[in-house]
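Please keep the coordinates open while reading.

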Amino acid sequence: MNVTELDNVVVRFSGDSGDGMQLTGTLFSNLSAILGNEISTFPDFPAEIRAPQGTLGGVSGFQVHLGSSKVYTPGDIADVLVAMNPAALKVNAKGVKKTGIVVIDTDSFGEKDLEKAGYKTDNPFEELGFSEVTQIIPVPLTTLTKASLADFGMDNKAVVRSKNMFALGVVCWLFNRPIDKAIHFLENKFIKKPDLLKANVKVLTDGYNYGNNLHLNITTFRIEKSSNLPKGTYTSIDGNKATAWGLIAAAEKAGLKLFLGSYPITPASDIMQELASRKDVGVITVQAEDEIAGICTAIGASFAGCLAATSTSGPGLSLKSEAIGLATMAELPLVVIDVQRGGPSTGMPTKTEQTDLSQALYGRSGESPIVVVAASSPADCFYYAYMASKLALEHITPVIFMSDTFLANGSSLWKLPKLAELPDIKPFKAPDSLKNNYNVAKRDAATQIRYWAVPGMEGFEHRNMGLERDAEKGNISTDPQNHQKMVAARAAKIDNVVACIPDVVVEGAQDADLLVVGWGSTKGHLMGAIQRMNSKGHKVALAHFNYINPLPKNTAETLRKYKKVVVCELNTGHFAAFLRSKIEGIHLEQYNKVAGQPFNVTELETVFTALLEK
Amino acid sequence: MIAQDFKSDQYVKFCPGCGDHAIVNSLQKAMAEIGVPTHQTVVISGIGCSSRIPHYLSTYGFNTIHGRGAAIATGVKTANPELMVWQITGDGDCLAIGGNHFIHSLRRNIDLNIILFNNQIYGLTKGQYSPTSKLGFVSKSSPYGTVERPFRPAELTFGARGTFFSRTLDVDLKTSQACMIAAVKHKGAAVVECLVNCVIFNNGAHGWIADRESRADRTIVLEHGKPMIFGANNDKGLVLDGWNLKVVKIGENGITEKDILVHDAKCEDNTLQQKLAMMEGPDMPIALGVIRDFDMETYDAAVNRQISEVRAKSKIKTFDDLVNNCEKWEI
Ligand SMILES: Cc1ncc(C[n+]2csc(CCOP(=O)(O)OP(=O)(O)O)c2C)c(N)n1
Ligand code: SF4
Ligand SMILES: [Mg+2]
């Protein structure tokens, strides 16, 4: 049998939302990561928990990109598709390479199944226009799984549910994954459920052996260990968990309790759930009665001296607007996490978009500037959630931390940090010298940062409020000059944050003919595209932003250096408009997509090529 | 400590004759008697005339946004259960825009002392009807009279499974202080409904019980363990007549003091407490004092207890432990 050595490969698992595709995909990705591959994953599932079986609407997918060198994205198009039923095949037909491999469960390709998925003929491959060169591996998954578990005395439902493990076994064979490693991995996973473990191991092994004994004329793959990764201890982490852990690390570093007030909403709920399960490190979570109460409990906790955060998605951010205004006026540290999804309104709850940027920047009454930070990979959600906390505590301000569905649910490799390696966090607490001479308006003259004093501190009793305060005495004030002064002070405080954030870096060809600008979760796709262009001899560069407000101090200078600049984002141009408002006279091209899906590298390449020719 | 210790340097700006003046005085006296120092005391309010009160106190204070005081106070108390936390709120702030937070803070039994200023009007916004305004009430926003039935704060408290309800009248300083002190002693969310007079926009809303002469006959100040006796001559009492409460006169029809009901505020079953709280004139006296006071584990205590329990058992205590115990591998 042939084994092809590959740099990287994209695998897509696809089936009914009840078929366990998310678990199968996660297991395969983690297994690959353990074997030293770089990974990037993209789960794509319907909002319905259990849509009607076998229908197009119920198809749930999990895509993983594995590689031995820099894996930037979950990949555009799959080399290998596992389709558990005809609906899954149909939904993903355009997402597989012509020369790819398709594994199907022949037991689920009966007449009825084809009908449910709306096929007109009994040859789905021909009907979908699959090429002759596509290699199809038909496996009677259901029958084989039943046979595999015949002696286990399990009920039929549980048996059929295990067929995803059979499929995983076949895929492990296809990728020359050592089966013992996979089994070891399962052992850790099901450590508390020995019966389930036994069954899963049996089915997985049978699946692997089935592939091995097929003697098909099929090329299997081997992907070498990544050589790019710095040596160290790694795990695979999704964006939501990384965000939660970033807050945990920041609180400990700052020497404060961590408090989260939140209300469930897709795709942000996992952050609350992760933190609710982390009582071992002392996290306090309140599942509030709504998003307003979520942020308000956090504001209360901040007033009381915690590192306080609230987590939500777009519609929830709308509800929090007034309270973010309060935190801005009261000048309290607060991390507001917005895991963006398709909008407006309920929109597309499980899909990805960057359409909340304007809301984050401007969505409050009055003059209310705040800090906005965005993560750009599942793993770096950790770092940017940490930095969002640091900025909030050191500048005594609300900070909006932006993630999205793509980051939240996707996972990437993460080199485990030690707390000692992370930057210091020094909350800007009122110094002892202000005892008995403190009020809510006391601030550092140079940075305009307000001194934070919290209940329990004797001699620092004060009244805070959403009302305007006298700049000296801290009492309620409606004096015109005072208001003008306070508006300026609050703005200066945010502008001064620029001294604490790094410059934006240009990656790729420094003398590029085209500078690509992006922010947040699109970094992988943009990087992938410019690398591909540059390897073909073009000169393209990327300036990617994680710090949105304030912008890094070299932003204008950097963007002005290039003749052609294109701002790419998954909205209709929020960041481009923001940049134009900050850099007078700058001309920016735009590429925008609002389809609930991430960019793909091929589409970007086409856009950039056209721009270069323009 | 004395009341003066709890006064801030701010001039109290309620209208002359506003009932809120008296409540602030009662509150400062109650705080002095309770004796928790100013730096351990937090007063959270929303928006409204009444919500200005934190500015008049020398404690930690936070005059927040309209209706959200309960949620903010919940955050303060859960974050630091050692603090004594008060919530100042109006009938609009608490029962209209903040209704959701109010019922959930009661349901959770978070340990707050909630002072609800019920003047049956929106004072600060200059005289629109509120969720407690009587049916048919004429105001700027209801020129032909309201067509909405009012909430009764007691009923809402009981409906939300509140563990403490008391009621007082602005001018009755003694009852006000007693209610506030009992609220602090109570473990959980304690509602002190203050019937206050807005002289400007709803003068005399509580007029039926406001004047001293008739008040003794028209109100009953309930005390746990004491017979439900009231009246200028202390000769009226409450008895059960079937499922209902009835006013009787001691000495008439063979009624003696022994026949009069004894108030049980500590009883878990709130049926009778609710009946007492719902009494209305002219046939029945309006109940003041502590009507329900049933101690239960508080939300803030339970949250922090759970954390201590998990921490005591877990080998993971720090971020580094967390990282060391996750599924990981060397590359
Ligand atoms: C979001 C928001 N909506 C409306 C208002 C206007 N507003 C301020 S106070 C108030 C009502 C106050 O009534 P109440 O709570 O009964 O307090 P009172 O003034 O009677 O003490 C309203 C509607 C506001 N400040 N904020
Ligand atoms: S308007 Fe009414 S409630 Fe407000 S201060 Fe004046 S009297 Fe008091
Ligand atoms: Mg009112």
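Does Asn234(B) count as buried or exposed, and how many C-beta neighbours does Asn234(B) have inside 10 Å? Asn234(B) counts as exposed, because 11 C-beta neighbours lie inside 10 Å and the cut-off for exposed is 12 or fewer. The model under discussion is a predicted one, and every value quoted below is computed from it.

## Backbone features in loops

Asn234(B) is found in the loop between strand E8 (229-230) and strand E9 (236-241) of chain B, and its phi is positive, near 50°, although the residue is other than glycine. A second case of this kind is Gln448(A), which is not a glycine and yet has a positive phi of about 65°; Gln448(A) is found in the loop between E16 and E17 of chain A. Gln448(A) counts as partly exposed because 19 C-beta neighbours lie inside 10 Å, whereas a buried residue would need 20 or more.

Two cis peptide bonds also deserve a check in the coordinates. One joins Gly343(A) and Pro344(A), with omega about 0°, and Pro344(A) lies in the loop between strand E13 (334-340) and helix H14 (357-362) of chain A. The other joins Asn549(A) and Pro550(A), with omega about -5°, and Pro550(A) is found in the loop between strand E21 (547-549) and helix H19 (555-560) of chain A.

## Where the chains meet

In the contact between the chains, 48 residues of chain B are in contact with 55 residues of chain A. The elements of chain B that give two or more residues to its side of this contact are strand E2 (60-63), helix H2 (69-79), helix H4 (99-108), helix H10 (299-313), helix H11 (319-324) and strand E12 (329-330). H2(B) gives the most, with eight residues, and by class the side of chain B that touches chain A has 21 nonpolar, 20 polar and seven charged residues.

Strand pairing also crosses between the chains: three bridges join strand E17 (residues 463-465) of chain A to E2(B), and the two strands run parallel. Within this pairing, the bridge partner of Arg463(A) in E2(B) is Gly61(B).

Leu416(A) gives a further example of contact with chain B. Leu416(A) is found in the loop between strand E16 (411-415) and E17 of chain A, and, leaving aside neighbours within four places in sequence, Leu416(A) is in contact with Thr233(A), Tyr234(A), Thr235(A), Val323(B) and Lys328(B). Leu416(A) is partly exposed because 17 other C-beta atoms lie within 10 Å. Pro138(A) is 278 residues from Leu416(A) in sequence, and the two are 40 Å apart in space, C-alpha to C-alpha.

## The nonpolar core

The largest nonpolar core has 269 residues, of which Ile248(A), Ile299(A), Val373(A), Phe401(A), Val516(A) and Val76(B) touch the most other members. Helix H15 (residues 380-395) of chain A gives the most to this core, with 11 residues. Not counting residues up to four places away in sequence, Val373(A) touches Tyr384(A), Met387(A), Ala388(A), Val399(A), Phe401(A), Met402(A), Asn546(A), Tyr547(A) and Ile548(A).

## Helix H1 of chain B

Helix H1 (residues 20-34) of chain B has 15 residues and reaches 21 Å from its first C-alpha to its last, close to the 21 Å expected at 1.5 Å a residue. The buried residues of H1(B) are Asp20(B), Ala22(B), Ile23(B), Val24(B), Ser26(B), Leu27(B), Gln28(B), Ala30(B) and Met31(B), and these pack against strand E1 (41-45), strand E4 (113-118), helix H6 (173-185) and strand E6 (190-195) of chain B. H1(B) is followed by Gly35(B), whose phi is positive, near 80°.

## Surroundings of the two ligands

Around ligand 1 there are 17 residues, of which Gly48(B), Gly90(B), Gly92(B), Asp93(B) and Gly123(B) come nearest. Helix H3 (residues 91-97) of chain B gives the most to this shell, with three residues, and by class the shell has six nonpolar, nine polar and two charged residues.

The residues around ligand 2 are Phe14(B), Cys15(B), Cys18(B), Asp20(B), Cys49(B), Asn119(B), Gly123(B), Cys198(B), Val199(B), Ile200(B) and Phe201(B). By class, the shell around ligand 2 has eight nonpolar, two polar and one charged residues.

Note on methods: Residues are numbered from 1 along each chain as its sequence is written. Chains are lettered from A and ligands numbered from 1 in the order in which they are written. This is a predicted model: local features need pLDDT of at least 70, side-chain atom pairs count only at pLDDT 80 or more; totals for chains, interfaces and linings use all residues. A residue is near a molecule or strand if its C-beta atom, placed from the backbone, lies within 6 Å of it. Helices (H or I, at least four residues) and strands (E, at least two) are DSSP runs, numbered from the N terminus. Ala, Val, Leu, Ile, Met, Phe, Trp, Tyr, Cys and Pro count as nonpolar, Asp, Glu, Lys and Arg as charged, and the others, Gly among them, as polar. Two residues are in contact if their C-beta atoms, placed from the backbone, lie within 7 Å. Two strands pair if DSSP finds at least two bridges between them. The expected span of a helix is 1.5 Å times one less than its number of residues. A nonpolar core is a set of buried Ala, Val, Leu, Ile, Met, Phe, Trp, Tyr and Cys residues joined through C-beta atoms within 7 Å.
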